[in-house]
Amino acid sequence: MSNYLKRLVAPESWHIPKKVQKFVMKTAPGPHNAGALPVGVWLREHIGLAQNASEVRKILHQRDIIVNGRACRDPQMGLGVFDIVSIPKLGKHYRIQLDMRGNLIAVEIPAESAKTRLCKIRNKTTVKGGKVQLNLAFGANILADNTYRAKDSIVVTLGVEGDDRFRIVDHFPFGEGNVATIVGGKHSGKVGRIVEIIKTASSVPNRVILADDSTGTRFETIEEYVFMVGRSAIAPELEALA
């Protein structure tokens, strides 16, 4: 199977030129879906640290790109919403976000903010010994107590190993009155306060109504697209989203 796809059919969220070349790197299976932006494409097309695939491989071989606290060696590894990318030699740190057009963009953040990552809880399961395991939306699993629920967001540390990695330091419940950002659909990139959660007893997704307090307008999306980013207000380390 090819490791490349035609640029003309690349996801729009990658926001790359379609006709400068015929092919572009494909996303490898991993923590995100096929719409995630490959690290190699990000290095070439978004921040210009490499001119071709050979230079991308050399940069990654030197362990110069850190994704969520771990050195990335695979140029096809996908970057998704709220992934943290660090380039220690340049002293730069980025958070992957969605803009108002649904494009994946990298927002430069302070080094302190790069020590943690916002995660959405996809679901939770009970594992051996009766312990509760939180299954996070970007592929990681962590053990925690039973106070967390699916669709909540948590903030975890990105240390290298031991107690410094994936330690929960904050929690944003999915519920009315709390603040969320939208990560899909026509309202992608918007931030609002949840006004109402409309549950449907069918296969139709639950609907969520949010209010943009800055403009006084309301908008609606489905539950799947809601990503919690704060309680009564957006978390200070995520204020760049507003």
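Reader: Let's start with a proline: what is the relative accessible area of P17?

Author: We're in a predicted model, where local features need pLDDT of at least 70, side-chain atom pairs count only at pLDDT 80 or more, and totals for chains, interfaces and linings use all residues. Residues are numbered from 1 along each chain as its sequence is written, and side-chain values use heavy atoms, with hydrogens and water left out. P17 sits in the loop between β1 (4-6) and β2 (23-25); helices (H or I, at least four residues) and strands (E, at least two) are DSSP runs, numbered from the N terminus. P17 counts as partly exposed (buried is under 20% relative accessible area, exposed over 50%, partly exposed in between, with a 1.4 Å probe and protein chains only), and the value for P17 is 39%.

Reader: On to the helices: at what angle do the axes of α1 and α2 cross?

Author: Two packed helices are described by the angle between their axes and the distance between the axes. Here the axes are lines fitted to C-alpha atoms, for helices over the stretch in contact, and angles run from 0 to 180 degrees between N-to-C directions. Helix α1 (residues 39-46) and α2 have axes that come within 10 Å. The crossing angle is roughly 115°.

Reader: What is the handedness of that crossing of α1 and α2?

Author: On the α1 side the meeting residues are V39, G40, L43 and R44, and they face A53, V56 and L60 in α2. By the convention used, a crossing is left-handed if the near helix is turned anticlockwise from the far one by less than a right angle, and right-handed if clockwise. The way α1 passes α2 is right-handed.

Reader: How many salt bridges does a search of the whole structure find?

Author: Side chains of opposite charge can pair when their charged atoms come close. The cut-off is a side-chain nitrogen of Lys or Arg within 4 Å of a carboxyl oxygen of Asp or Glu. Searching the whole structure gives a total of 10.

Reader: How many residues apart in sequence are D64 and K89, which meet in a salt bridge?

Author: Their side chains pair at 3.3 Å, N to O. D64 is in the loop between α2 (53-61) and β4 (66-67), while K89 is in the loop between β7 (84-87) and β8 (92-98), so the pair ties together separate parts of the chain. D64 is buried at 11%, whereas K89 is exposed at 63%. Along the sequence, D64 and K89 are apart by 25 residues.

Reader: And D83 with R117: is R117 buried or exposed?

Author: The D83 and R117 side chains form a salt bridge at 2.7 Å, N to O. D83 lies in the loop between β6 (78-79) and β7, and R117 in strand β10 (residues 116-127), so parts 34 residues apart in sequence are tied together. D83 has a relative accessible area of 1% and is buried. R117, at 2%, is likewise buried.

Reader: Where is D213, the salt-bridge partner of R193?

Author: The closest N and O atoms of R193 and D213 are 2.9 Å apart. This pair links distant parts of the chain, 20 residues apart, with R193 in strand β16 (residues 191-198). R193 is partly exposed at 28% and D213 is exposed at 53%. D213 itself is in the loop between β17 (207-212) and β18 (217-222).

Reader: How many disulfides does the structure hold?

Author: A disulfide needs a pair of cysteine sulfur atoms within 2.5 Å. The sulfur of C72 has its closest cysteine sulfur in C119, 17 Å away, which is too far for a bond. Both are buried, C72 at 2% and C119 at 0%. The disulfide count is zero.

Reader: Which strands are at the edges of the five-strand open sheet?

Author: Strands of a sheet pair through backbone hydrogen bonds, either parallel or antiparallel, and here two strands pair if DSSP finds at least two bridges between them. The order is β5-β4-β7-β8-β9, with antiparallel pairing. Strands that pair on one side only are β5 (70-71) and β9 (104-108).

Reader: Last one: which residue in the hairpin of β11 and β12 takes a positive phi?

Author: Strands β11 (residues 131-136) and β12 (residues 141-144) pair in the antiparallel sense over four bridges, with L134 opposite I142. Four residues lie between the strands, and the positive phi, near 105°, belongs to G139.

Conventions. Contact = heavy atoms within 4.5 Å.
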